[in-house]
Amino acid sequence: MTYCSGTVDVFLTDAGEYTQGQEGMILEAGDAVKTGSGGSAELSFNEANTNLLRLSENTEAKVVFSGDEKLEMTCGEIFASISSLPSESAFEIRTPTAVSGARGTDWVTKVTDEGTDIEAVEDVPYVRHIEASGAVSREVTPVTAGQMTTVRKFQKPMPLQPIPVIRHQEWKQVKFDVRQRGSEAAVKRMYRPQFDRKDFIRQIKEKKGPAGEKGKPAAEGASGEKRERPVFDSIDGRGREGRQPDAGGKPLISREGEERGQPDAQKQFKPEQHHQGDTSGGQKTQTPHGEKPQQQLKENKGQQQHQGAANKQQAKPPQARSAPHSQKGAVKSSRHR
């Protein structure tokens, strides 16, 4: 692969799946190339990068290397520029309705709903139709430069027609670009490591992650430590329920969750903390749901009664301080009340 642009996926038979295409990849028989919308890929079939193909967008082709047949295209469009072939050999592309080829020329093979179009950009490519038996016809139809033909299913090629001038000029520009990129790719190949197919497939499998059965949680964490089985527990009969992986799918509370909840529980039920030197117990304490402990309620009730008695005592007319029995009587009266 000398060049790729946009979405280009390559199917490697050894990997058994499609992967992203990259420049410098070496394809073998059975591999396939698929381009997406707006994508394109270019392939070289010799070391000098003089036998080149360009796969246009939305093209699917499979490498076959079956004699003169090099590719099998099921859909899309391929531009071929072939200039260096051994004697008595050809370069051919098979489609569902025809086989196009050349011994050294530039042409376009396109699969359409009607069949296969073959356009001769330069020199004279040829085409043979596929018969109803599935065999390739021995009858060869040459296509002169600037002309095109269409081969429908199980039919001979239709009479030649001229290629639109604008389209003909566009293909000449494509030829120039493809050959220029092919020359640049030949230079790049000299300065980069050779494509290692086995290592490339190994990297693909490593990116997927470790193999394992789907739907089963890992037995160990990322650090390799085994996870403890969740243990049901509660905090003061209530606790916080959390769903942990379990065979029955029941809500469980792990020890780890209990430890995280413990500080809150201690804050809720921890005894009162008084200021240093304060023994009256009058400091307010936060309790759950705005309720006060019973002991604190009793103490507050006692304090309210004592304060009520003191207020009543202050409301009485002042008596002589020199009468000790009057003070004792006041104390007894407040205690009785």
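1. At 1.5 Å a residue, the 26 residues of helix α1 (residues 165–190) should span 38 Å, and its end C-alpha atoms are 39 Å apart, which agrees. The expected span is 1.5 Å times one less than the number of residues. Helices (H or I, at least four residues) and strands (E, at least two) are DSSP runs, numbered from the N terminus.

2. The model is predicted: local features need pLDDT of at least 70, side-chain atom pairs count only at pLDDT 80 or more, and totals for chains, interfaces and linings use all residues. Residues are numbered from 1 along each chain as its sequence is written, and side-chain values use heavy atoms, with hydrogens and water left out.

3. Buried residues (under 20% relative accessible area, 1.4 Å probe, protein chains only) of α1 include His168, Trp171, Val174 and Lys175. The buried residues of this helix pack against β5 (40–44), β6 (52–55), β8 (69–81), β11 (106–111) and β12 (115–122).

4. Ile93 lies in strand β9 (residues 91–94) and is buried, with a relative accessible area of 0%. Beyond its neighbours within four places in sequence, Ile93 is in contact (heavy atoms within 4.5 Å) with residues including Leu53, Leu71, Met73, Trp107 and Thr109. The C-alpha atoms of Ile93 and Asp68, 25 residues apart along the chain, are separated by 8.6 Å.

5. Strands pair if DSSP finds at least two bridges between them. Strand β15 (residues 147–152) runs antiparallel to β12, with five bridges joining them; Val151 in β15 is the bridge partner of Thr116. Two bridges join β15 to β16 (residues 161–162), also antiparallel, and Gln147 stands opposite Pro162 in β16.

Key: Buried means under 20% relative accessible area, exposed over 50%, partly exposed in between (1.4 Å probe, protein chains only).
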